[in-house]
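Please look through the sequence and the model below before reading on.

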Amino acid sequence: MNKTLNQKAWYFVIPVFALVAFNAVVPLMTVVNYSFQETFGSNVFQWEGTRWFKEILHSERFHASLGRQFIFTFIILLIQLPLGIAIALTMPKKGWGVPICLILMSMPLLIPWNVVGAMWNIFALPDIGFLGNSLNSLGFDYNFTQQSGDAWFTTILMDVWHWTSLVVLLSYAGLNSIQPAYYQAAEIDGASRWDIFRYIELPKMKKVLTLAILLRFMDSFMIYTEPFVLTGGGPGNATNFLSLDLVKMALGQFDLGPAAAMSLIYFLIVLLMCWVFYSLMMKDEGRT
Amino acid sequence: MSLELKNVEKKVGIETHIHSTNLKLEKNTINVLLGSTLAGKTTLMQIMAGLDKPTSGEIWFNGENVTGKEVQKRNCSMVYQQFINYPNFTVFENIASPLKITGVKPDEIKQRVGKVAELLKLSDMLNKKPDELSGGQQQRTALARALVKDSDLILLDEPLANLDFKLREELREELPKLFEDRDCIVVYATTEPLDALMIGGNTATLLEGNVIQYGKTLNVYNKPENLISAKVFSDPPMNIAEISKSGDIFKIKDNNVQWKSNVKIKDGNYKIGIRPHNITTYKEGNNSVEINGKVLISELSGSESLIHFTNGKLNWVSLSNGIQQKNIGENTKLFMNVDEFLYFDTNNRLVTNG
């Protein structure tokens, strides 16, 4: 039987194609375009080759903010994952407590990011903020606008407050999908609480936890709004994370070329990390 | 060794899951709990294991009251309908897990696991993980875990329900052999009468949280104490009709079917229970009576034919050997084997079996 040739289906792809072109391909290519040129405004451009890439890769400023970014993300994951799992384990599995806990847990996730930043800024002000004032009256010398340690502490605390719920909700979903028979079987074997966690709950939560790590990694690696509102990258450059630094370079100093090169490098790092995570996930998947 | 439930009752909120139950299971027996879903099989097993406490009543094991004793301190094992194994352990580690926890020496573990694995045909997959195995092999692993421990009490909660037909047949045949020379009490819960018949041992029929009858499986099957027990232990469902007897003439009330029999019961009203395989499209036994029916539906299952038909106001189910093709609405003649009838009095208690 001959198939009739009908290519009309392609028309259905056009809207998506146009949409993606406008919101992803065109902006990205513009950035690529900028990254190879120098501009002094008034729409005059000059070809620079790979100069900006070399400069960025060798610049101490970039190394410093990249380093800060990795440390921040690492600390965030280190705190939020165990804390999230621990909270999920203590949440009730049935009864009236379930909806209450779920609503309480979802609340931080629903607050717009700049509102979170503003909230914590006021909350942590050393003179009038509840947190800042309390810490100072307890005898701690706390001032997040002047001491870098305090700035880090506040930023991390804010992120933990904002995002731990995501890990909690994912872990909770993972825990709830474990059939009660598993717990009974372990009890009959005489397994301890720790054994149950280590050999049943953790392996069963593996998939959702990989997802949680991936999401938390990407989000915290690209964090911008909250520290921008809270500390603005200060004091000095103490909390100047990668995306804050990028915006300062692009808009503050109008160094379009280097900023474009930096965004591309940034983009490639995120892409690389995602690929690494993805292949690790898929490696396990392939084995089963 | 014996397991005894004394007036055990289980209530959850205002609902009663298990009504006051007395049951004594003896050493070296396989005991089948037979009943439909929600009959209370699983609850009863959990109470036996100590995973759940009865609201009232006592559980005695070996002459010791174990009612409040934690499950970890009892020597029992359980196999579930779902294939429950430690997901990131190999088959070997899975089977070894209950031994490791109780601190058995590595050499002995290796030897015991090897023995059980051989028994359950798992020797070639000891290094695989559960999700690399088929459903049947996963359930074999779970069974091996239950067997390796030398428990006093082994509970099997519908272990074959999630397996496909072929594997179920295979494992069902092996199961009684596995427990043959073991010093333990085995409890096996199932919804299927056929399982009970194939496993043998003792059977308890359950309905809505009540143990209806307990005894030797064949005895329960052939002489159900009452109509409920007979219904639970019949698949496809038993045909029931009201009859009246005068002299040696027995007559079904809702149609004109009648037969002669020398069954020695007083004249009066009774109910009869006829298992579907005692109504056939051909004569069976020395003593059969004809019944005319209008075919409602006719199903083939393997080498058997299930024919649903109406006669008078009653719906009947018959099960014949071979492939018996009948059209819907067709009038057909069937034969009932009078010697196999179960006679119940009006209070649903068995009077005589044929």
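Which pattern does chain A follow when read along the sequence? Chain A follows α-β-β-α-α-α-α-α-α-α-α-α-α-α, with 12 helices and 2 strands, where helices (H or I, at least four residues) and strands (E, at least two) are DSSP runs numbered from the N terminus. This is a predicted model, in which local features need pLDDT of at least 70 and side-chain atom pairs count only at pLDDT 80 or more, while totals for chains, interfaces and linings use all residues. Residues are numbered from 1 along each chain as its sequence is written, and chains are lettered from A and ligands numbered from 1 in the order in which they are written.

The C-alpha atoms of chain A fill a box of roughly 85 × 75 × 30 Å, taken along the principal axes, and 28% of the 288 residues of chain A count as buried (20 or more other C-beta atoms, placed from the backbone, lie within 10 Å of the residue's own).

Within chain A, the axes of helix H7 (residues 148-176) and helix H9 (residues 193-221) come within 8 Å and cross at roughly 150°, the axes being lines fitted to C-alpha atoms over the stretch in contact, with angles from 0 to 180 degrees between N-to-C directions. That makes H7(A) roughly antiparallel to H9(A), a term for angles over 145 degrees.

Chain B, by its side, has 8 helices and 21 strands. The C-alpha atoms of chain B fill a box of roughly 75 × 45 × 35 Å along the principal axes, and 40% of the 354 residues of chain B count as buried.

How values were computed: Parallel < 35°, antiparallel > 145°, perpendicular 65-115°, else oblique. Buried ≥ 20, exposed ≤ 12 C-beta atoms within 10 Å, placed from the backbone.
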